[in-house]
2 protein chains.
Amino acid sequence: MKKGILICVSGFSGAGKGTLMKALLEKYPNYALSISATTRSPRPGEIDKKDYFFKTKDEFEEMIKNDEFLEYAQYVDNYYGTPKSYVYEQLEKGKDVILEIEVQGVFKVKEKYPDTVLVFVTTPSIDEIRERLIKRGTETPEKIEKRMSQIAREVKSLYDYDYILVNENNKLDECVEKFNHIIESIHQKTDNSKDLINKLETEAEEITK
Amino acid sequence: MKKGILICVSGFSGAGKGTLMKALLEKYPNYALSISATTRSPRPGEIDKKDYFFKTKDEFEEMIKNDEFLEYAQYVDNYYGTPKSYVYEQLEKGKDVILEIEVQGVFKVKEKYPDTVLVFVTTPSIDEIRERLIKRGTETPEKIEKRMSQIAREVKSLYDYDYILVNENNKLDECVEKFNHIIESIHQKTDNSKDLINKLETEAEEITK
C-alpha cells in the first residue's frame with residue numbers, strides 16, 4: 001500500500017480558499033481533510049471527531065506535552081491544533097490528506113513532517129481582494145486595511161511554498177482541476193517512487209549477475 | 001505570455017513510450033513534440049520539418065560548431081540531434097514541448113536548459129518487458145538479453161529523473177492522464193510563478209508604504 005501525501009494549503013484571507021476546498025472535496029472525495037483539535041466549545045451543529053476533536057484545556061495541554069501535534073497555536077483563550085494521529089492514520093491508509101492552515105503553522109508542520117507539500121492559494125492580484133471586501137460591505141475600512149496589511153506580510157512567505165495556485169474569479173472548476181493535478185503529480189515524483197525503483201534495481205541485479 | 005515548459009521523456013525500450021506519446025498528443029494537441037535533425041535520408045512518406053529536419057553532414061557539423069543543438073549524437077554513420085531554435089520558439093510561444101530522448105541525451109539537455117523536467121516511463125517490472133518481447137517473437141533470445149542488459153544499466157539513472165511514470169498493461173488512458181497531470185502541475189510550481197509573485201510583492205509594498 002502506497003502511503004498518502006500530506007498537503008498543507010494556505011491562502012490570503014479572501015482568496016476563496018474555503019470555497020475551493022469544498023469544491024475540491026466534493027469532486028474528489030478520495031482526499032481526506034485533516035481534523036483539528038480545539039478547546040473552544042462546539043457550536044450548534046458541530047460534531048465531535050468530524051468537525052473538530054473537542055478537548056478540555058487539560059487534555060490539550062497533555063497532548064502538547066506528549067508531542068501529539070503537528071502544530072498548534074493559542075488564539076484568545078483557546079487552543080487549536082492538528083493531531084498527528086488522525087493525519088498519520090489516513091496517510092498510512094494511502095489517503096492524501098489536506099491540511100488548511102495559516103502561514104506560521106505550515107512551517108511547523110514541514111519541520112515535523114518534511115515530505116509535506118506546500119500550496120498557496122492567491123487571487124491574481126491583492127487589490128482584487130480589497131475590491132471584493134469593499135463591495136461586500138461587511139467590514140469597516142479600518143478592518144479591511146488591517147486585513148490588507150496581514151496579506152502584505154504573508155506575501156514574503158510565498159517563495160517557501162512549493163506551488164502557487166491562482167484562484168481566478170468565476171474559474172473555480174479550473175482551479176479545482178489544477179489543485180487535483182498537483183496532488184496527483186506528486187505521486188509520480190521520483191522521491192515517492194522509491195519502492196518501485198528498489199524493485200526495478202533488484203530485477204536489474206538479477207539480469208547483470 | 002507565460003513561457004512553456006520543456007519536458008524530456010525517456011523510457012525502457014519496450015515500456016510503450018511511443019504509444020504513450022502518441023496517445024498523449026492525440027488527447028492534448030496543445031503540447032508540441034520536439035523535432036529532431038538528422039543526416040540520414042528521409043524514408044518514404046517522411047516530411048522535412050515535420051518528421052525531421054533533414055540536413056547534410058556539412059550542415060549538421062556547421063550547426064554543432066555554432067552550438068545550435070540542445071544535444072546530439074552519432075549512430076553508425078548518421079548524426080541525430082535536437083535543434084535549440086525549434087524548441088525555444090515553441091517555449092517562447094507558451095507551448096509546452098516534449099522531447100523524447102534516451103538517458104544520455106537527457107543530461108546534456110538538462111545542462112543546457114536547467115529548467116527541463118525529466119520524466120521516465122517504465123513498466124511495473126522489467127521482467128514484464130522480457131515476457132512481452134518473448135511473446136512477440138520478433139527478436140532472437142540474444143537480442144532480447146542485450147536489450148535487457150541495456151535496461152539494467154538504465155535503472156541506475158532513475159534517481160536523476162524528476163518523475164517516474166508507470167505504464168501498466170491496458171491502462172494507457174490512465175497513464176496519459178498522469179502524464180498530463182505532471183505537465184499541468186509544473187505550471188503551478190513556485191519557480192514558474194515568479195512573475196505573479198513579483199506583481200504581488202509590488203502590490204504589497206504599496207500597502208505597507
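How many bridges join S5(B) to strand S6 of chain B, and in which direction do the two strands run? The exercises below start from this point.

The model is predicted, so local features need pLDDT of at least 70 and side-chain atom pairs pLDDT 80 or more, while totals for chains, interfaces and linings use all residues. Residues are numbered from 1 along each chain as its sequence is written, chains are lettered from A in the order in which they are written, and side-chain values use heavy atoms, without hydrogens and water.

**Exercise 1. Describe the sheet of chain B that contains S5 and S6.**

Step 1. Strands (E, at least two residues) and helices (H or I, at least four) are DSSP runs numbered from the N terminus. Two strands pair if DSSP finds at least two bridges between them. S5(B) and strand S6 (residues 78–83) of chain B are joined by 6 bridges and run antiparallel. B:Gln74 has B:Tyr79 in S6(B) as its bridge partner.

Step 2. The strand order in chain B is S4-S3-S6-S5, an open sheet of 4 strands with mixed pairing. Strand S4 (52–54) and strand S5 (69–75) of chain B are at the edges with a single partner strand each, so one side of each has no neighbour in the sheet. From one strand to the next, the twist averages 25 degrees.

Step 3. Contact means heavy atoms within 4.5 Å; axes are lines fitted to C-alpha atoms, for helices over the stretch in contact, and angles between N-to-C directions run from 0 to 180 degrees. Helix H2 (residues 57–65) of chain B packs on the sheet and touches strand S3 (36–38), S4, S5 and S6 of chain B, its direction making about 45 degrees with that of S6(B). Helix H3 (residues 84–92) of chain B lies across S4, S5 and S6 of chain B, at about 20 degrees to S6(B).

**Exercise 2. Classify the ring pair of A:Phe120 and A:Tyr161, and locate the two residues.**

Step 1. Rings of Phe, Tyr and Trp (its six-membered ring) pair if their centres lie within 6.5 Å; planes under 30 degrees apart are stacked, over 60 edge-to-face, and the rest tilted. The centres of A:Phe120 and A:Tyr161 are 5.0 Å apart with 75 degrees between the planes, an edge-to-face pair.

Step 2. A:Phe120 belongs to strand S8 of chain A and A:Tyr161 to the loop between helix H6 (141–154) and strand S9 (163–166) of chain A, so the pair ties together parts 41 residues apart in sequence.

Step 3. A:Phe120 and A:Tyr161 are both buried (under 20% relative accessible area; exposed is over 50%, partly exposed in between, with a 1.4 Å probe and protein chains only). Together with A:Phe12 and A:Phe107, A:Phe120 and A:Tyr161 form one aromatic cluster.
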